[in-house]
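Q: I am new to reading protein structures. Could we go through one together, feature by feature?

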Amino acid sequence: MGYKMVFSDMDGTLLWKGVRLSVENFEAIQRTVDKGVDFVICTGRGVFGVEPYLKELGMIGKKGYVICQNGAAVYDLRDMSLVIKKSFSPTMVQPVADFARSLGSVAMFYYDDRNFMCEKLSAEVAEYCQTMKTKPRVIDDPMDYEGELTKCLFSGPREKLEQIKKFAKDFLGETVNLFYSSETYLELVISGVDKGSALEETAGKAGVALEETIAIGDSDNDLPMILKAGLGVAMKNGEEHVKAAADYVTEKTAEEHGVAEVLEKFIR
C-alpha cells in the first residue's frame with residue numbers, strides 16, 4: 001500500500017518529553033514530506049500550541065493542514081486560515097460548568113480559534129500557558145464569552161471528571177462528544193467532532209482515500225482516527241484499549257521516537 005497522508009497526535013506521540021521534537025522524529029518527517037507524503041499534526045491543542053512546531057518543521061506557507069482541538073478547528077497551512085470550525089453556544093455548556101465548579105478541584109478551560117480562556121490563573125494554568133505559548137483571558141464562566149466555543153476542557157482528579165462526564169451526558173445527551181485526552185483531562189466538543197471525522201474530512205479535501213492514510217496516537221481521543229485510517233497505529237506507551245484496537249503497535253515509545261519508527265517502516 002502506498003500511503004499518501006500521515007496523521008499524528010502530539011502529546012504522548014510525537015513530542016519528546018512532551019515539549020519538543022526529537023532529532024529522529026524531525027528527520028523522519030522531513031524524509032516523509034520529501035517523498036510527497038503529507039504529514040498532518042492532529043491534536044487536542046489550540047493552534048497557538050502547535051504553530052512553534054509547524055514553524056520548526058517548515059510547514060507554514062506550504063500546502064497542507066493542521067487539525068486542532070480534536071477536530072473542532074482545522075487550519076490551512078498556506079495562510080493559517082481557519083477552514084473548518086465546529087462550535088457550540090456557551091449557553092449549552094453553562095450547566096456543566098456550574099456542576100464542575102461545585103465539585104471543587106476542577107479547572108475549566110474554554111477555546112475558540114485563537115482565543116483561550118480560563119476561570120482562574122492558577123499555577124497549573126500558568127504552566128499550561130507557558131507550554132502552549134499563549135496568554136489566557138480570565139472569565140467567571142462561559143457565558144462571559146461573546147462568541148461560540150469550539151472546546152471545553154476540564155482538568156482534575158479522574159473521579160471528579162467521571163462525575164462531570166456523567167452529568168454532561170445525562171443533561172446534554174447526544175448533542176456533545178466527551179472523551180479523555182489524558183488521565184486528568186476531560187474534553188467536551190459538539191457531537192460529531194473527533195479526530196476520526198477530522199481525518200476523513202481533511203483527507204477528502206486533499207483528495208486522499210482513507211486506505212491511503214496512517215494515523216498515530218496514544219490516548220482515548222486518538223482512537224477515532226486510529227479506527228478510521230487505512231493503517232491505525234498506537235504507541236507502545238499508549239492506553240491498553242487504544243493498543244488493542246490498532247493495526248500496529250510501535251516497538252518504541254514516544255520517548256524513543258516511535259513516530260520515526262512508523263515513518264521508516266511504512267513510508268516507501
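## Reading the model step by step

Q: Where is Asp-218 found?
A: Asp-218 sits in a loop. The loop runs between strand E14 (213-217) and helix H7 (223-228). Keep in mind that this is a predicted model.

Q: Which side chain makes a polar contact with Asp-218?
A: The side chain of Ser-219 does, at 2.9 Å.

Q: What else does Asp-218 touch, beyond residues up to four places away in sequence?
A: The list includes Asp-9, Asp-11, Gly-12 and Thr-13. Met-235, Asn-237, Gly-238, Glu-239 and Val-242 are also on it.

Q: Asp-9 came up there. Which side chain does Asp-9 meet in a salt bridge?
A: Asp-9 meets Lys-195, with an N to O distance of 3.0 Å. Now check where each partner sits. Asp-9 is in the loop between strand E1 (5-8) and strand E2 (15-16), and Lys-195 is in helix H6 (residues 195-206), so the bridge ties together parts 186 residues apart in sequence.

Q: Are Asp-9 and Lys-195 buried or exposed?
A: Both are buried.

Q: How many salt bridges does a search of the whole structure find?
A: It finds 17. Another one joins the side chains of Asp-76 and Arg-78, at 2.7 Å from N to O. Asp-76 counts as buried because its relative accessible area is 7%, and the cut-off is under 20%.

Q: Now strands. In which sense do E5 and strand E6 (residues 73-76) pair?
A: They pair in the antiparallel sense, over four bridges. Ile-67 stands opposite Val-74 in E6. The hairpin has four residues between its strands, and Gln-69 takes a positive phi near 50° in it.

Q: Which way do the residues of strand E5 (residues 65-68) point?
A: Tyr-65 and Ile-67 point one way, and Val-66 and Cys-68 point the other way. All of them are buried.

Q: In which sense do E14 and E15 pair?
A: In the parallel sense, over four bridges. Gly-217 stands opposite Ala-234 in E15. Both faces of E15 are covered: Leu-231 and Val-233 are buried on one side, Gly-232 and Ala-234 on the other.

Q: How should I read a nonpolar core?
A: In soluble globular proteins, nonpolar side chains tend to be buried together. Here the largest nonpolar core has 36 residues, and Phe-39, Ile-41, Val-66 and Ile-214 touch the most other members. Elements that each supply at least two residues include helix H1 (23-34), strand E4 (38-41), E5, E6 and E14. H9 gives the most to this core, with five residues. A second, separate core has 29 residues, among them Met-92, Cys-152, Val-176 and Leu-186.

Q: In what order do the strands of the six-strand open sheet come?
A: The order is E10-E9-E8-E11-E13-E12, and the pairing is mixed. E10 and strand E12 (176-182) are the edge strands, as each pairs on one side only. Inside the sheet, strand E8 (residues 107-112) and strand E9 (residues 115-118) pair in the antiparallel sense. In E9, Met-117 is the bridge partner of Tyr-110.

Q: Last one. Is Leu-149 buried or exposed?
A: Leu-149 is buried, because its relative accessible area is 0%. Its place is the loop between strand E10 (137-138) and strand E11 (151-155). Leu-149 touches both Tyr-110 and Met-117, and its other contacts include Phe-88, Pro-90, Val-93 and Pro-142. Leu-149 and Asn-115 are 34 residues apart in sequence, and 9.2 Å apart in space, C-alpha to C-alpha.

Terms used. Residues numbered from 1 in each chain as written. Predicted model: local features only at pLDDT ≥ 70, side-chain atom pairs only at ≥ 80, totals over all residues. Heavy atoms only, no water. Buried < 20%, exposed > 50% of the residue type's maximum accessible area, 1.4 Å probe, protein only. Contact = heavy atoms within 4.5 Å. Polar contact = N/O pair within 3.5 Å; in protein donor to acceptor, adjacent residues only side chain to side chain. Pairing = 2+ DSSP bridges. Core = buried A, V, L, I, M, F, W, Y, C linked by side-chain atoms within 4.5 Å. Salt bridge = Lys/Arg side-chain N within 4 Å of Asp/Glu carboxyl O.
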